[in-house]
Amino acid sequence: MVLLVIGMLLIAIVILVAYNLHIQKKIEAFNNINQKIGNLSVLQDFMKVAGEEDTVEAKLNKINEIVIEKYDIKYSTIVVFDGAEYVIKATNVDKLHHETLTNLHTEEIFQDSVATATPKYITIDNENEKLPYQKVEMGRAKSAMFFPLYIDNIYIGYWIMESGKMHAFDKTDTTIIEVVKDNIISVLATMSYQDAMENIIRIDKFTGLYSAEYLYSKAKKTFDKYPTSAVCMFKITNIEKINDEVSRQAGNEVITEVSNIVKSKMPSQYVFVRYMGPKFVIVFSGVEEGSVEEFLKELKREMEELEIVEEAEDNEVERIINGKPMKVTEHKDEKIATPKINFVVSTYYKGTGIEQLNKKLEEYIDTADSKESQINYI
């Protein structure tokens, strides 16, 4: 009887163990599905950020915040080599430690990782120790994972995760973190064009206006708040004549004063840039092209009423008078420079290429008759 009871208990235990193993497998499968769903969610968040009309720096900081939140990381830092130096693109670490973080590539502990494009995990085993790269921040991080970043086999920088706990990443699923790293690289790659555009923006010394590149990066978030906007390009058509017949200085003054007239009348939501040479662009954010005509007529009237006066100069020259050399004064008449302006207007649709629209406007305005001075719609 006792043996029967023991046998039944053993059978029950075996059944329970088998059932628990079955449940454990289901839990693991469920967790794997959840991880995949979680990774997909993170990827979708990344792509959403990448598509936002914002600066590269702002986008990378948002991505860094997503990583910290979704994967419960205490510190996360993305460092990129910009061609001249290593720059922190995103971090939640205090500025006190930024110099250390931008020099990790020089640390012996990470050099092999950079050379072989493999991640490096380091931790301490004693509270009195510190990570090899740490200078003054002994208590801040006690374990770290370092990931070199490569785009098309070209090393571009690194991403480092840090924790205030020892052995914090011992059980971390590195395949998941690799997915995160790859997503960071993808975002960096897709935003490289935008980053380049932001870095070549210049301010024109004569007008104080941004260059054309401003339209294709930072300014887009201003006019892309609206489904359509009117875009106007105008050109000072007689600038070469002014340079030749009056002076180049007078030509520069004409460009400056014409831009000042526009700036004095520009609402803050509109964008005004010096496109190239005597050509300028105004983007009327959220305004239909038919609604800008009166504004442009007024601008044109004021611009073409400008008079830049080149003061007359008296020159003393030597002349032969009655067979003798004598110095006489030559009087020159003053010269006046007055600009002539040609306008062309079209509609920009959100999500389309404003650079292509500008090329179309430029082609029209450059091939128009040099005597044309009006407001055109194309």
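The secondary structure of the protein comprises eleven helices and 15 strands, where helices (H or I, at least four residues) and strands (E, at least two) are DSSP runs numbered from the N terminus. The model is a predicted one, in which local features need pLDDT of at least 70 and side-chain atom pairs count only at pLDDT 80 or more, while totals for chains, interfaces and linings use all residues. Residues are numbered from 1 along each chain as its sequence is written, and side-chain values use heavy atoms, with hydrogens and water left out. Of the 378 residues in the protein, 41% are buried (under 20% relative accessible area; exposed means over 50%, and partly exposed in between, with a 1.4 Å probe and protein chains only). Among contacts (heavy atoms within 4.5 Å) between residues at least 6 apart in sequence, 64% join residues at least 24 apart.

Two packed helices are described by the angle between their axes and the distance between the axes. Helix α9 (residues 248–265) packs with helix α10 (residues 293–304) at an angle of about 145°, and their axes are 10 Å apart. Axes are lines fitted to C-alpha atoms, for helices over the stretch in contact, and angles run from 0 to 180 degrees between N-to-C directions. The contact is made by V258, I261, V262 and K265 of α9 together with F295, E298, L299, E302 and M303 of α10. By class, this contact has six nonpolar, no polar and three charged residues (Ala, Val, Leu, Ile, Met, Phe, Trp, Tyr, Cys and Pro count as nonpolar, Asp, Glu, Lys and Arg as charged, and the others, Gly among them, as polar).

The buried residues of α10 are L296, L299, K300, M303 and E304. These residues lie on the same side of α10, because they cover an arc of only 115° around the axis, the arc being that of the directions from the helix axis to the C-beta atoms. The buried residues of α10 pack against α9 and against the strands β7 (228–236), β9 (279–284), β14 (341–349) and β15 (375–377).

In helix α4 (residues 108–116), F110, S113 and V114 are the buried residues. They cover an arc of only 100° around the axis and are therefore on the same side of α4. Packing of the buried residues of α4 is against β3 (120–123), β4 (143–151) and β5 (154–163). The exposed residues E108, D112 and A115 are carried on the face of α4 turned away from its buried side. Just after α4, A117 takes a positive phi of about 60°.
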